[in-house]
Structures are given as structure tokens and as C-alpha cells.
Amino acid sequence: MEKYVYLFNEGNSDMRNILGGKGANLAEMTNIGLPVPFGFTISTQACNDYYKAGKKISDTVEQQILVALEQLEEKTGKKLGDVTSPLLVSVRSGSVFSMPGMMDTVLNLGMNDETVKAVARLTNNERFAYDSYRRFIQMFSNVVLGIDLFYFEQFLEETREKKGYKVDPELTAEDWQEVVAGYKAIVKRQKKIEFPQNPQEQLFLAIRAVFDSWNNQRAIVYRRIHKIPDSLGTAVNVQSMVFGNMGNDSGTGVAFTRNPSTGEHQLYGEYLMNAQGEDVVAGIRTPEAIHVLEKEMPDVYKKLLATCQLLEKHYQDMQDIEFTIERGELFILQTRNGKRTAQAAVQIAVDMVREGIIDKETAILRVDPEQLNQLLHRRIDQTAKRVPLTKGLPASPGAATGAVVFDADEAEQLGKEGKKVILVRPETTPDDIHGIVAAEAVVTSRGGMTSHAAVVARGMGKACICGCESLKIDLKNKLFTVGDTVVKYGDIITIDGSTGEIMLGGVAMIEPQLSEEFKLLLSWADQVREIGVRANADNPVDARKAFEFGAGGIGLCRTEHMFMDPKRIPIVQSMILAENYEDRTVFLDQLLIMQQGDFEGIFEAMEGHPVTIRLLDPPMHEFLPDKEELLVEVTKLQLTAPDSPELAEKERLLKKVNQLAEFNPMLGHRGCRLGIIYPEIYEMQVRAIINAAVKVTEKGIPVKPEIMIPLVGHVNELKRMRQLVEETAEQVMSATGVYFDYLVGTMIEVPRAALTADRIAEQADFFSFGTNDLTQTTFGFSRDDAEGKFLQTYIEQKVLLENPFAVLDREGVGKLIEMGVTLGRKTKRNLKTGICGEHGGEKSSIEFCYLAGLDYVSCSPYRVPLARLAAAQATIRYGQKQKVLTKN
């Protein structure tokens with residue numbers, strides 16, 4: 001019979017896919033002798049079977065749960081529902097990958113009108129017993145019965161006000177009994193049932209609720225954001241309860257073995273005395289910093305510190321630990337690899353190498369390449385004028401400016417409209433995740449640095465400030481106040497998540513500076529990776545930035561972008577409007593001088609690294625005014641100034657626009673097709689490239705030009721264009737007496753080019769796969785139309801698992817790339833290959849490029865560090881060559 005339920009001592013950390021991350025870690029901690037409250041885990045397979053059976057727990061699973069419950073009762077000496085020695089348990093989710101706060105938890109399960117009396121008698125603490133009971137009713141009613149928490153919170157608030165209390169610990173045992181009665185009345189009123197009193201019924205209802213929460217809206221959104229498969233399911237952990245709310249010698253908290261914001265090697269976290277775990281993570285009360293515990297309970301702190309060190313050494317990674325103190329005794333409820341900012345991830349990885357905990361390859365694998373974007377963005381300029389408003393806890397670093405919104409739905413809507421917003425809430429809940437995704441940053445007035453808002457924002461790399469108690473938030477009127485200052489919905493504020501500061505209005509930002517640890521980690525990555533990283537750059541400024549970020553060359557310089565300068569557009573338009581070759585060359589000569597200057601700057605910036613320059617690609621009409629707008633102007637002039645020279649000029653322009661108009665410009669007269677019909681345009685560009693290379697060579701700077709012919713679909717197109725390039729280059733070099741090597745290649749961006757790559761390689765020194773257009777032509781998608789109209793629905797309904805314009809489609813586009821590389825190298829063994837579409841900066845696509853045998857990827861300058869790291873990770877995971885890192 002298949003096993004579905006495992007006692008904690010039956011599992012280990014290698015059983016993550018079966019027990020989930022939490023269950024595997026609970027089993028591992030149990031086995032290494034840590035003080036873990038005992039329990040059992042219901043496997044992820046039981047969850048998947050539950051859904052296959054139409055949301056029904058099978059008889060086999062139910063029987064195994066009951067057997068495990070008996071063993072738990074035997075181990076603890078307590079029995080579920082017993083009126084003399086009752087067992088109370090927590091029921092928690094536990095997915096394979098950490099999804100903090102996304103699924104449901106029930107604490108204190110097993111309490112009813114009789115067992116609460118036993119708990120009061122056994123603990124000699126009636127107040128604690130009824131406080132625990134009311135917590136259970138509230139949580140069970142919300143998670144299992146689906147009653148909104150508002151009703152319970154409102155009743156509790158009314159009770160406090162009526163009795164003149166400010167905080168929950170002021171309520172007496174009698175007060176909590178009143179609250180329990182009120183809560184049960186809410187259940188009766190909302191659900192027309194009595195609150196369930198049978199503990200075994202409570203247990204199975206709670207297990208079903210946790211299974212159900214795998215597919216709640218916030219969990220689905222979280223999985224989509226973090227690319228977690230829906231098919232994994234969640235495990236359920238049933239664990240005997242320990243209590244942090246038994247008095248002032250009890251408490252609960254969260255500790256990180258290192259600072260998750262900065263990576264600093266010191267214990268970091270928060271705790272609350274006389275509280276249960278949800279009080280910390282929910283942000284209901286603002287907790288104390290963990291170092292205060294050393295003064296309050298030095299022995300407990302010492303044990304906690306030793307446990308943290310043991311767990312970090314055991315798992316060889318920074319740990320996020322949940323703990324409870326019950327009557328002065330420490331219990332560990334959970335450990336997992338802690339979520340951290342990019343800055344902390346880099347710092348921790350490098351420090352652990354220095355400390356001898358991990359090796360350099362492990363350090364490289366520890367940092368998510370996508371996280372590096374957090375280190376490459378702007379921060380607040382410390383010299384800029386600012387209007388300070390208030391300060392909270394610096395929960396997630398980074399800076400952001402945006403309009404204040406108070407609702408997650410509003411944040412999402414405004415985000416879709418392209419507006420930058422900052423979400424301000426008393427505290428966030430998992431239901432707010434879509435608003436956090438859309439916002440530039442998050443601010444909460446309650447909660448600490450391990451609250452939901454802080455953890456989620458850090459994972460997303462968003463700035464966050466928590467526990468800003470001076471903010472008095474009025475959700476109804478959409479405003480908050482700080483003293484006499486009122487900030488309304490839509491007002492602009494700036495926040496600094498690194499310091500906790502909130503400022504009125506916008507504040508100037510400055511470019512990031514890369515830490516020495518960041519540079520060191522990337523230097524390790526460069527020693528490992530077996531695929532080059534270049535940058536897409538169209539001007540000297542971008543080229544210099546790319547070089548600064550470690551690019552090994554320019555993989556794509558789009559020459560048409562040089563024409564888009566407002567000062568150049570009139571010359572480009574005049575060139576297009578020219579009626580004959582002679583007139584056209586007058587304007588081409590002017591453009592040659594401009595482009596030559598650009599190329600000189602790029603060659604100098606790259607200091608001898610290869611520079612791939614794509615000749616003009618887009619259709620001519622893109623440089624001309626919009627047809628509809630031009631038609632309106634002509635009509636107006638015909639009515640108001642029929643004899644004016646301006647009208648004659650506009651009519652001539654409109655006629656040319658009509659001549660150049662195409663039904664499908666993407667597949668029309670562009671790329672090499674332009675070069676064949678108007679060879680003088682490509683000749684001018686080649687002359688500008690070679691002239692620039694001559695000038696830079698004369699300065700003593702080596703150059704490596706690579707001239708790329710776009711949109712080739714037939715070998716004869718490339719053959720003709722190669723001849724043009726070689727003849728023009730020879731003219732310039734023979735006239736100047738300066739000779740250098742250069743390459744001529746093509747961009748593979750239509751399927752026919754990949755299918756006939758063996759023939760095309762006869763005329764090519766290199767292939768650069770233009771995956772943006774290759775994806776469009778392979779799928780038959782117009783990118784703008786697809787992303788605007790149906791692609792998101794395709795992804796949500798899982799017609800496609802990923803946006804193919806963001807993550808390279810390995811099954812279709814990938815096969816064409818593999819075919820192109822194989823056929824091309826069959827003709828020319830040392831054919832250089834790379835990609836230059838946006839996929840060149842995406843980690844999964846980079847991995848594919850490495851596996852496909854490409855020589856390099858090319859991406860935007862700011863994604864070069866990401867690509868360097870992702871390329872190294874691909875080499876470590878799949879490389880055949882075993883390189884040994886130098887010890888430095």
C-alpha cells in the first residue's frame with residue numbers, strides 16, 4: 001500500500017517533493033535532535049489525489065492519518081479531544097517551494113467547550129486557555145468555514161473599547177470568555193451552524209481547507225509570478241502545539257541567521273512576548289528586535305543563537321527560523337532557506353565562501369540572476385533636497401517614487417495604465433499580492449521586518465517600509481496623516497526602503513554602484529562560464545555602460561536607432577523623399593558623417609572587443625510622419641491655404657507615405673530587401689563603419705567590426721550584400737592604407753534561414769539569431785497584437801506556459817536555432833553563433849543557448865551582469881568540462 005503519511009522521524013531533507021519544504025525540514029530537524037514539537041506530514045501526493053477524486057480524502061489517506069494521530073498521541077501522552085489531557089495541534093501547509101503566507105494555517109485545533117477547561121486547569125491559567133480558544137475559533141472560522149475576519153476583529157475592537165482597553169493582553173479570562181461566546185454567535189449568524197465541537201471533525205475539515213488553499217487566488221498568482229508548477233500540490237503538517245501566549249515567560253518569533261536585507265553576519269529577527277506566531281507575521285502587533293531577547297531571557301537567547309548556528313552549518317545556507325518559547329523553554333517550529341534581497345544574496349554567498357562553508361560554484365548557484373536587477377537600479381541622491389515626513393522600519397531596500405494608493409485593486413489597475421504607485425496599508429495580507437506586484441513600493445503602519453509585506457516585497461525586490469506607526473491611515477477617506485500633515489490618494493511620495501524614510505514629493509535618484517562582493521562573485525562566474533556575453537548598444541553611452549558591466553563586446557548595434565535623433569530625422573526624410581539616386585546621395589553623405597562619429601565612439605568604448613553592427617532593418621515608412629495625421633493636416637490646408645507651398649510639400653509627403661505603405665510591414669520591404677533595391681543606403685553605412693574603424697585604428701585602438709545583414713531568407717540575398725560590403729570596405733582600406741580584419745554575417749530571423757542554414761553559411765562568417773522576429777515568424781504572432789489582445793489569456797489558461805517573447809520557446813523556436821547551428825557548422829565548422837533578441841538576458845533562455853552550443857548571448861547593458869551569472873550557472877549545471885576556480 002502506498003504511503004501517504006509520515007511521522008517527522010520517518011522523513012528527511014531529501015524528501016522535499018513528497019513532504020514539501022516545511023515537512024522535510026521538520027523531519028530533518030527532528031533527526032538532528034533539535035527541540036521540534038512532534039507531528040506528522042500528509043504528502044503532496046495525497047493533495048494531488050484529493051483533487052483527482054473531486055476534492056475527497058480517500059479512505060486510505062484517512063486511515064493513515066488516524067494511525068499517525070494515534071502515534072502522535074502516544075508520543076506526547078495526550079489525546080485529541082481528551083478532557084483530562086487534551087492534545088492540541090497546528091495544521092499547516094507545506095509546498096515544495098516556499099510560498100510564505102499564500103496558503104492556509106489553523107492553530108490550536110482540538111479546542112472545544114470542554115477541552116478549554118482542561119487546558120485552563122492543566123496550565124493553571126484560565127486567561128491563556130480562553131485566549132487560545134478564541135484564536136482557534138477565529139482562525140478556523142475564517143480558513144475552514146470561510147467567514148470574513150472583519151466580523152471577529154470588529155467584535156474584539158468593540159469589546160476592547162467597551163472595557164477601556166488598548167491592547168489584547170489587558171483582557172482578563174472573563175473577558176475572553178465573552179469574546180468566545182461572541183465569536184460562536186458570529187458563526188451561528190453567518191453560517192447557520194454551531195461551531196464544530198468534535199476535534200476529529202475539526203482536523204479533517206482543516207486538512208481539506210489546506211488542500212483547498214493550494215488553488216486559492218493568491219496562491220495561484222504567487223505560483224505564476226515565481227514560476228512554481230501547479231502540479232506539485234501541497235503537503236499538510238500536523239504538529240503538536242506549543243504556546244507562546246502562556247504569560248510573560250512565553251513568546252514567539254522569527255529569526256534569520258543573517259540579515260536578509262544586507263547580508264550582514266548577525267542574528268536578525270523579531271519576537272513578541274505572550275503571543276502566538278501569527279501575531280508576528282500578520283503585523284497585528286509591532287514586535288521587539290531579536291537582540292532585546294538577550295537581555296530579557298539570556299539563556300533562551302543563547303540556546304537560540306546556538307540552534308541558528310547549527311542549522312546554518314547543517315543546511316549550508318542562511319536560515320529563516322520560526323520559534324516559540326513556552327514557559328522559558330525554546331522550541332523550533334520551522335526552518336527554511338531564508339528569502340533575501342539581491343544585496344544580501346551576493347554578500348552571503350561571498351561571505352560563506354570566505355568562511356569555508358561553501359565553495360565558489362555553490363556561491364554562484366546561490367544567487368538568482370533575476371535578483372541582480374535590484375543592484376543595478378537607482379537610489380536616492382543624498383545631496384538632493386527632500387521634504388522628510390516620517391520614518392518606519394527599513395524592511396526591504398531600494399527607493400521609489402509614486403502616487404499614494406490605499407487599495408491593492410487600485411494599485412493593480414493604475415499599474416496597468418502605466419502609472420507608478422506606492423501601496424500604503426495598515427498591514428498587507430496575502431490577498432494583497434496583486435497590488436504589491438503592481439506597486440513600486442509598499443508602506444505599512446503596522447508589522448515588523450518579518451511581516452507579510454516585508455517578506456513578499458523583499459522576494460520581489462521592491463522597496464518596503466513597515467511598522468510606521470506615526471502614519472494614521474484613513475482607508476475610508478483615502479488619506480493618511482502624520483501629525484498635522486495630510487497625504488491624500490494620488491499625492492506623490494518617495495520612500496527609501498534602506499533607511500525607512502518617507503518623503504513628500506519626488507526626490508532625485510542616482511545610478512547604482514556595484515559592491516566589491518558583487519564584482520568578486522561575477523569574476524568567479526566569468527572563470528566558470530563557457531559562453532560569451534555581449535550587449536545590445538546603439539550609441540557610445542550605452543556601449544560604455546555595457547563595457548562597465550562586463551560585456552565582452554557588442555552583439556547588436558541597431559543602426560536605425562542612430563537615425564531616430566530629432567536632428568537627423570529631417571535628413572533621413574529628405575533622403576527617403578529623394579526622387580533619384582543623385583539627390584539621395586546628397587543626404588546619404590550627411591548621414592554618413594553622423595553614423596561614422598557614432599561608430600568611432602562605440603569602437604573606442606569597446607577597446608578592441610567585437611562590435612556587431614546590423615545594417616538598416618525597418619521599413620522606410622517608419623521614418624516618415626503618421627499617415628492619418630498627415631492626411632488631417634493636408635485636408636486642413638486644402639480648406640485654409642489651398643495655394644500655399646506648405647500644402648504642396650505636405651501633399652508630396654503624403655504621396656510618398658502612400659507609396660511606401662504596406663499591408664504587413666513586418667514581412668515587407670525591410671532588411672536586406674532594402675539593401676538590394678537601394679544599395680546606396682547599405683553602401684553608405686558600410687563606408688561609415690569602415691571609415692570609423694580606420695580612424696580608431698589610427699589612434700592605436702584595435703577594432704573588430706562584424707557587419708550583419710538583416711532578414712536574410714535566401715543565400716543569394718546574403719551573397720549579393722556580402723559582395724557590396726567587401727567592395728566598399730576594400731575601397732576605403734586601399735585608399736587609406738589601413739587594413740584590419742572584419743566579419744560579414746547575417747541575422748537568422750525567419751524560419752527559411754534556419755532551414756537552409758547550411759547554404760547561407762557558405763556566405764556567412766557568423767549567425768546571430770534574432771529571436772524577437774524569429775519568434776514572431778515561427779508562431780505567426782504579431783508581438784504587439786498578441787501581447788495586447790490574447791497572449792495573457794493564453795498564459796492564464798495554460799495554452800502557453802510562458803510568454804514566448806520573454807522566455808525562449810525551446811520546442812519550436814529553439815528547434816530552429818538548434819537546426820541553424822547544426823547546419824551552419826556542417827558547412828563552416830568554426831561558424832560563430834549567438835543570439836541578440838531580448839531572450840539574451842533571460843536566465844532560462846541563456847541556459848538553452850549554452851546547451852545549443854552558441855558562442856555568446858547579447859542583451860541590454862543593464863542585464864549583462866545577470867547574463868554573466870546565468871551563463872556560469874548553466875555551465876556548472878550542464879557543463880562537460882570541469883573547470884577549477886582559482887583561489888582568489
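These legends go with a set of close-up views of one predicted protein model.

Before you start, note that residues are numbered from 1 along each chain as its sequence is written. Because this is a predicted model, local features need pLDDT of at least 70 and side-chain atom pairs count only at pLDDT 80 or more, while totals for chains, interfaces and linings use all residues; side-chain values use heavy atoms, leaving out hydrogens and water.

**View 1. The whole chain, to get your bearings.** The protein chain holds 35 helices and 33 strands. Both kinds of element are DSSP runs numbered from the N terminus: helices are H or I with at least four residues, strands are E with at least two. Taken along the principal axes, the C-alpha atoms fill a box of roughly 105 × 70 × 55 Å. Of the 888 residues, 56% are buried. Here, buried means under 20% relative accessible area, exposed means over 50%, and partly exposed is in between (1.4 Å probe, protein chains only). If you take contacts (heavy atoms within 4.5 Å) between residues at least 6 apart in sequence, 70% of them join residues at least 24 apart.

**View 2. Helix α35, wrapped up by its surroundings.** Helix α35 runs over residues 864–878, so to speak a stretch of 15 residues, and reaches 21 Å from its first C-alpha to its last. That is close to the 21 Å expected at 1.5 Å a residue, where the expected span is 1.5 Å times one less than the number of residues. Why call α35 largely enclosed by the rest of the structure? Because 12 of its 15 residues are buried. Among them are V864, P865, L866, R868 and Q873.

View 3. T123 sits in helix α4, which covers residues 115–123. Is T123 buried or exposed? T123 is buried, with a relative accessible area of 13%. Leave aside its neighbours within four places in sequence, and T123 is in contact with F128, M246 and R327. Other buried residues of α4 include T115, V116 and A118. What covers the buried residues of α4 includes β4 (86–87) and α5 (126–143). Just after α4, look for N124, which takes a positive phi of about 55°.

**View 4. The second largest pocket.** A pocket is found on a 1 Å grid over the protein atoms alone: it is an open set of points with protein on both sides within 12 Å along at least five of seven lines, and its lining residues have an atom within 4 Å of a point. This one holds about 660 Å³ of space, a volume being the space filled by probe spheres set on the points, which are joined across faces, edges and corners. Its lining has 27 residues, and E560, R614, D617, N772 and D773 lie nearest the centre. The elements giving two or more residues to the lining are β27 (554–558), α20 (559–563) and α30 (771–779). Which of the elements gives the most? That is α30, with 4 residues. The lining divides into 9 nonpolar, 8 polar and 10 charged residues. Asp, Glu, Lys and Arg count as charged; Ala, Val, Leu, Ile, Met, Phe, Trp, Tyr, Cys and Pro as nonpolar; and the others, Gly among them, as polar.

**View 5. The R258–E355 salt bridge.** A salt bridge is a side-chain nitrogen of Lys or Arg within 4 Å of a carboxyl oxygen of Asp or Glu, and by this rule the count comes to 52. In the bridge between R258 and E355, the closest N and O atoms are 2.6 Å apart. R258 lies in the loop between β8 (251–256) and β9 (268–273), and E355 in the loop between α13 (342–354) and α14, so the pair ties together parts 97 residues apart in sequence. R258 is buried at 0% relative accessible area, whereas E355 is partly exposed at 36%.

**View 6. The D368–K843 salt bridge.** D368 and K843 form a salt bridge whose closest N and O atoms are 2.9 Å apart. D368 lies in the loop between α14 and β13 (379–380) and K843 in helix α34, so this pair ties together parts 475 residues apart in sequence. D368 is partly exposed at 29% relative accessibility, and K843 is partly exposed at 32%.

Methods. On a 1 Å grid over the protein atoms alone, a cavity is a set of points where a 1.4 Å probe fits but cannot get out, and a pocket is an open set with protein on both sides within 12 Å along at least five of seven lines; lining residues have an atom within 4 Å of a point.
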